[in-house]
Amino acid sequence: MSARARLARTAAPFRAATRTAQVLIVIGTLITLGFVFVATLGPTLAPFEPTQYQVDPEEPEAGQLPRLEEPSSDHLMGTNRDGFDVFARVIGGARVAMIVVLVSTLIALLVGVPLGLLAGYRGGRLDRILVTTMDAIYTFPSLLLAIVVAFLFGELFAPGVASAASAVGIVYIPQYFRVVRNHTLSVKQEPFVEGARSLGAKERTVITRYVFFNVVQSVPVIFTLNAADAVLTLASLGFLGYGVPPPAPEWGFDIQQATQDITSGVWWTTMWPGVAIILLVTGLTLVGEGLNDVINPLLRARGLSGTKLRGAPVGGSAPEASGSRRGPDVAERDLADDPDPPGATTSTSSGPDGPPPAARDSLPPTAPVRSATAGVEPVLKVRDLRVGYRTPRGPLWAVDGVDLDLAPGEALGLVGESGCGKSSLSRALLNLMPPGGLVTGQITLAARGDGPGNEEIELVDASRRQLRSIRGDRASLVFQEPMTRLDPLMRVSTHFREAIKAHRPDLSSDRVRELTETALAKMGIPRTRVDNYPHEFSGGMRQRIMLALGIVLQPQLVIADEPTTSLDVIVEAQILDILAELRRDADVGLVMVTHNLGIVAETCDRVAVMYAGKIVEMGPVEQVFNAPAHPYTQGLMASTISLETTELHSIGGSPPDLIDPPGGCRFAARCPAVMDRCTEVIPRLTQPGDTPVDDHLAACILHPGADPADPFPAERS
Ligand code: SF4
């Protein structure tokens, strides 16, 4: 890239900023640079030393005593009561102020930002200790704290610019800490952070590339506002006599020395240092506000009309700036303050949060699990999977005892109402749980050919390192809400580079670029758009980018969680075609999580119907949809709307409380066919009907063999 092109690219964010931001930043920068210039070249600019007494030429002997002199050609801003040239003092004061601002904000930044990042991301005891400490400092009146620290430093070391700067810096550490920590807490829950983790990014990469760069977006504003505040604090310290010791030039001290001049009509001794303070504070504030708009492309997008976006979308829905929507549901968010570090999924088969022994003993034996391609070694094998969350009332098991097999190239639809456990199951398949998540059971990913890293692996017991190496390489999770799954601050090419390099660190940049362009081209994204930001794409294109990210390394397994939600029907059809092609051409096992039965009918070989954390019916799509055997599936089918629908139907009631689920069949309270026996036993999956169809299973005691007291149909015969 030529120097000219590089310059144009660097200047692009500024050109794309709003007119107001451009004006703010130009004015603020000019003012601030003016002070930097004055502070740097001050000694050569000033006609006198700031501490040089100005002797009255008419009274040489007595002139050893200074006198106040009005502004004149000799003294542009006059002289002060101490006989110093005010212009020289203002210039000298600028130098002191700039040094204090730089050193103090650097101290606050270097201490406050890393601590805030660590506390927010790690959480737990470290977070509580740091928050308590910072809150204790923060509750202290800042000026009083600055005075105490300046006094202590002055006693311990020596009063001077360094002590004043350190005092001011320590006062602002809690502010950086609080802002960065709170922002980290929020950003680490963002879908694109979860997306990065799902693609196998290392924890250090997640913190430094995804969390840090989003969190530091707020730092320029805090920096400049605190820098402006630091100027005021320094002046206050000087005014009260605790700042830089005299006769060093300092604006606050000079104003304090001149307070008695005001009543005697001497205006110049207070006015010029005051104007200097106001100008510098204003300049720094304007720079901060303007920078924030320029640096943050998301804010920039919000300030632009669609027509001003570079490379306007060529298809799909209208561009939409991603907001602050969160991926995890309410239950997950409530657990955000859990002391466990992110992703610390408990994977145990017993323990305080594990299933009570009595309850486990009462679980029914499961029926044999078969896939549509029986006889083929499954790419994914799930046994007795339980997925839960810690809550103040005890563990909530969102998935409770699920068995699944998925063959290579097979597509399995997971359907059910909101809250039935579909999304929890899909996340648990990659052990990608939020803080406080619990996973027990077995999830086995089959071997992928030979070679290290491709062997069969048990995901529930896998280490973080193993999980990272699997995610995004051998198995991918494609989320819903594509608007929020891509980091708004990273170009699409950077997302791909991060994902590919996490698993293939030795690949050259050219090869990474080639893989990126190939994967995007498959999704119909032209190579000219590879370096665009996510907000420059339509919703449909972003979803295709997410899919391309998920398959760029040719995984064995793709889990698509509502991949077409919020997309229009044309884009939805494109995405479904791409998924079908993927299965056909690359033999990828696909788990499609959706509430849309039409999508399942179109895309999947088999379907599993979930209710209250359990699979209540499973089988070939055609069989289940044409002859549903479980009353809940029958209700779901009756609730779908078609051209023939003349009357709307819904399933009455609501799902049970999963923290304290009812005994027996969980659908009993809503089931039109409920019997006394239904509340006494937990039905097991069995082949329904007199002429059972291979792989068709339902958990309802209306069918022989579902009551744990009955033998399985096969055993009966
Ligand atoms: S077991 Fe009973 S309550 Fe449950 S679905 Fe069957 S008939 Fe209804």
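1. Basis. The structure is a predicted model, in which local features need pLDDT of at least 70 and side-chain atom pairs count only at pLDDT 80 or more, while totals for chains, interfaces and linings use all residues. Residue numbers start from 1 along each chain as its sequence is written.

2. Ligand shell. There are 14 residues around the ligand, and C665, A668, C671, C678 and C700 come nearest (near: C-beta atom, placed from the backbone, within 6 Å of the molecule). The shell holds 13 nonpolar residues, one polar and no charged (nonpolar: Ala, Val, Leu, Ile, Met, Phe, Trp, Tyr, Cys and Pro; charged: Asp, Glu, Lys and Arg; polar: the others, Gly among them).

3. Strand β6. In β6 (residues 475–478), A475 and L477 on one side and S476 and V478 on the other are all buried (20 or more other C-beta atoms within 10 Å of the residue's own, placed from the backbone; 12 or fewer is exposed, in between partly exposed). Strands are DSSP runs of E, at least two residues, and helices are runs of H or I, at least four, numbered from the N terminus. β6 runs parallel to β7 (residues 557–561), joined by four bridges (pairing needs at least two DSSP bridges). V478 lies opposite A560 of β7.

4. Residue G689. This residue sits in the loop between α25 (631–639) and β11 (697–698). G689 is partly exposed because 14 other C-beta atoms lie within 10 Å. Not counting residues up to four places away in sequence, G689 touches A629 and H703 (contact: C-beta atoms, placed from the backbone, within 7 Å). The C-alpha atoms of G689 and A629 are 7.9 Å apart, across 60 residues of chain.

5. Helix α25. P631, Y632, T633, G635 and L636 are its buried residues. They pack against α23 (597–603), β9 (606–611), β10 (614–620) and α24 (621–626).

Methods: Contact = placed C-beta atoms within 7 Å.
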